[in-house]
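Hi,

Here is the structure I promised to pass on.

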Amino acid sequence: MLLAYRLALASPRIRAAGIEASEFAVDADRHGVHAVPAIVVDGRYAWAGSVPEAVFVERVLAASG
């Protein structure tokens with residue numbers, strides 16, 4: 001989550017929000033989140049699981065393109 005927030009601070013085109021899936025089950029279901037951590041880009045489920053920083057950035061860029 002910290003990296004997502006750092007990306008959001010670095011670019012006005014990026015927003016980051018942390019959501020507790022068990023407290024917001026409707027939102028988690030809407031985005032297809034079944035495991036955490038899960039990353040949603042542009043309202044679409046992108047991937048689940050922790051990845052190294054460089055991979056995270058690559059995946060965000062790929063998912064947003």
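Predicted model: local features only at pLDDT ≥ 70, side-chain atom pairs only at ≥ 80, totals over all residues.

Numbering starts from 1 along each chain as its sequence is written, and side-chain values use heavy atoms, with hydrogens and water left out.

Helix α1 covers residues 2-10 and helix α3 residues 53-64; they pack at about 55°, with axes 11 Å apart. Helices here are DSSP runs (H or I, at least four residues), numbered from the N terminus. Axes are lines fitted to C-alpha atoms over the stretch in contact, and angles run from 0 to 180 degrees between N-to-C directions.

On the α1 side, L3, A4, R6 and L7 meet E53, F56 and V57 of α3 (contact is heavy atoms within 4.5 Å). By type, the contact residues are 5 nonpolar, no polar and 2 charged (Ala, Val, Leu, Ile, Met, Phe, Trp, Tyr, Cys and Pro are nonpolar; Asp, Glu, Lys and Arg charged; the others, Gly among them, polar).

L3, A4 and L7 are the buried residues of α1, and they pack against α3. L2 and L9, on the other side of α1, are exposed (buried is under 20% relative accessible area, exposed over 50%, partly exposed in between; 1.4 Å probe, protein chains only).

Lastly, V55 sits in α3 and is partly exposed, at 27% relative accessible area.

Cheers

Methods: Helix = DSSP H or I, 4+ residues; strand = E, 2+ residues; numbered from the N terminus.
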